[in-house]
Structure formats: structure tokens, C-alpha cells
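Here is a short report for a reader new to this structure. Look at the sequence and the model first, then read on.

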Amino acid sequence: MKNLPIDWDSVPDVMNKDQFYRLCHISKSTALHLLKSGKVPCEWTGKKTRCYKIKKEDVRAYLEERAIYPELYSAPRGWYGSHYVAKLSKELPEDVLRQMHDYYAKLLGKYKVVTVQEIVTLTGYAKTTVNNWCNRGQLKSFRKGQLFYIPKIFLIDLFCSLTFRSITRKSLWHIQTLNDFQRKMKQKK
């Protein structure tokens with residue numbers, strides 16, 4: 001189903017959750033996650049029904065950002081009960097991908113080659129996870145003895161990849177860097 005363009009003049013300035021999920025073509029459960037987590041700003045009235053008030057500008061901003069950064073708005077594993085969270089289906093636009101690459105290059109400026117332990121310390125992901133990325137070829141690396149050595153450029157490529165961005169249970173560092181990158185992109189506009 002193709003999403004039709006939205007006539008923003010006909011959308012009310014303040015809407016409830018039902019209007020929000022219908023306008024955005026998302027489920028009630030996803031809408032609830034977005035509102036409760038604060039990913040879409042809203043006012044909670046405390047009522048039992050129609051308890052969320054969402055501004056039209058916030059919905060518009062959400063739709064624009066979701067088109068570029070869908071991974072920021074995915075619900076955590078288990079939110080939907082027994083269903084799995086959908087994987088990202090598309091790559092980022094070339095200019096955004098290039099800017100993300102530059103962002104991570106500046107962030108990792110002091111490194112030339114990193115070890116698995118340094119990646120664990122930096123990102124907060126488990127050593128087993130990082131070793132699995134290396135063994136599967138998702139993170140290009142060189143092995144010397146029992147240790148993997150990863151050139152900075154390969155680590156940046158992993159951070160910008162669809163595989164890395166679509167991790168369902170992101171580490172705190174991962175979430176913070178995505179949010180920081182998003183803020184920097186907004187400031188450039």
C-alpha cells in the first residue's frame with residue numbers, strides 16, 4: 001500500500017492517539033510506544049480515554065525523521081508480544097550516509113586500528129557480539145593470534161551499515177550517537 005500525501009491543512013492542530021496512528025499508518029501499539037517513550041512529544045492529560053494530545057508539528061517532524069532514520073523509532077524487542085520487530089528495508093540517502101560516515105570518523109579520530117576490547121569499551125556491546133561480527137565478515141578485520149585488529153575505516157563502515165543500524169536492542173552508546181547525529185543534521189538545515 002502506498003502512503004498518499006497528507007493534506008496538512010485538513011489535519012487538526014492537536015490530535016489524539018487514534019488520529020495519530022491512522023495519519024501515520026502505524027499500529028495502535030507502535031503509536032503507544034512512540035508516545036510513552038517520548039519519541040513523539042505529547043501531553044498526557046491523565047484521563048482514562050483520549051489521554052494524549054499530540055501537536056500537528058510534532059507529527060509532521062516525526063514522519064519526516066522516520067523517513068530518514070526509521071531505526072530510531074522502532075519498538076524494543078518484546079513490545080509487540082510474540083511478533084518480531086521489522087527490519088529496515090532501505091539504505092540511507094547518499095548525502096546522509098556520507099555525513100554519517102564523517103560523523104563517526106570525527107568521533108573515532110584518535111584511533112587508527114582498534115581491538116575487539118576497545119570496541120566493547122567504546123560501544124557497550126558484548127565481546128562475543130563484536131567477535132561474531134568479525135567472524136561473520138560483518139566487520140572486516142585482521143587476525144593475529146587470538147586477537148582481531150580492525151582498521152578504523154572498517155569500523156566506521158560497520159557503524160554506517162544497515163546491519164548495525166537495524167540492531168533491535170541497541171546499546172546506550174549506539175542510541176546516544178544516533179540521537180547526536182540526528183541533532184547535528186537538524187542544525188545544518
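How many nonpolar, polar and charged residues does the lining of the second largest pocket have? The lining has eight nonpolar, four polar and eight charged residues. In this count, Ala, Val, Leu, Ile, Met, Phe, Trp, Tyr, Cys and Pro are nonpolar, Asp, Glu, Lys and Arg are charged, and the others, Gly among them, are polar.

## Basis of the model

This is a predicted model: local features need pLDDT of at least 70, side-chain atom pairs count only at pLDDT 80 or more, and totals for chains, interfaces and linings use all residues. Residues are numbered from 1 along each chain as its sequence is written, and side-chain values use heavy atoms, with hydrogens and water left out.

## The second largest pocket

The second largest pocket holds about 440 Å³ of space. Its lining is made of 20 residues. Nearest its centre lie Lys39, Leu72, Tyr73, Ile175 and Asn179. Helices H3 and H9 each supply at least two lining residues. H9 gives the most, with five. Helices (H or I, at least four residues) and strands (E, at least two) are DSSP runs, numbered from the N terminus.

A pocket is found on a 1 Å grid over the protein atoms alone: it is an open set of points where a 1.4 Å probe fits, with protein on both sides within 12 Å along at least five of seven lines. Lining residues have an atom within 4 Å of a point. Grid points are joined across faces, edges and corners, and the volume is the space filled by probe spheres set on the points.

## Salt bridges

How many salt bridges does a search of the whole structure find? It finds three. A salt bridge here is a side-chain nitrogen of Lys or Arg within 4 Å of a carboxyl oxygen of Asp or Glu. Lysine 56 pairs with aspartate 13, with the closest N and O atoms 3.5 Å apart. Lysine 56 lies in helix H3 (residues 56-68) and aspartate 13 in the segment before strand E1 (14-15), so the pair ties together parts 43 residues apart in sequence. Lysine 56 is buried, at 16% relative accessible area. Aspartate 13 is exposed, at 51%. Buried means under 20% relative accessible area, exposed over 50%, and partly exposed in between (1.4 Å probe, protein chains only).

Arginine 50 and aspartate 18 form another salt bridge, with the closest N and O atoms 3.8 Å apart. This pair also links distant parts of the chain. Arginine 50 sits in the loop between strands E2 (43-44) and E3 (52-55), and aspartate 18 sits in helix H1 (residues 17-24), 32 residues apart. Arginine 50 is exposed, at 56%. Aspartate 18 is partly exposed, at 26%.

Arginine 183 and aspartate 180 meet at 3.7 Å, N to O. Both lie in helix H9 (residues 172-188), three residues apart, about one turn of the helix. Arginine 183 is partly exposed, at 46%, and so is aspartate 180, at 22%.

## The sheet

Three strands form an open, antiparallel sheet in the order E1-E3-E2. E1 and E2 stand at the edges with a single partner strand each, so one side of each has no neighbour in the sheet. Two strands pair if DSSP finds at least two bridges between them. E1 and E3 pair over two bridges. Methionine 15 has isoleucine 54 of E3 as its bridge partner.
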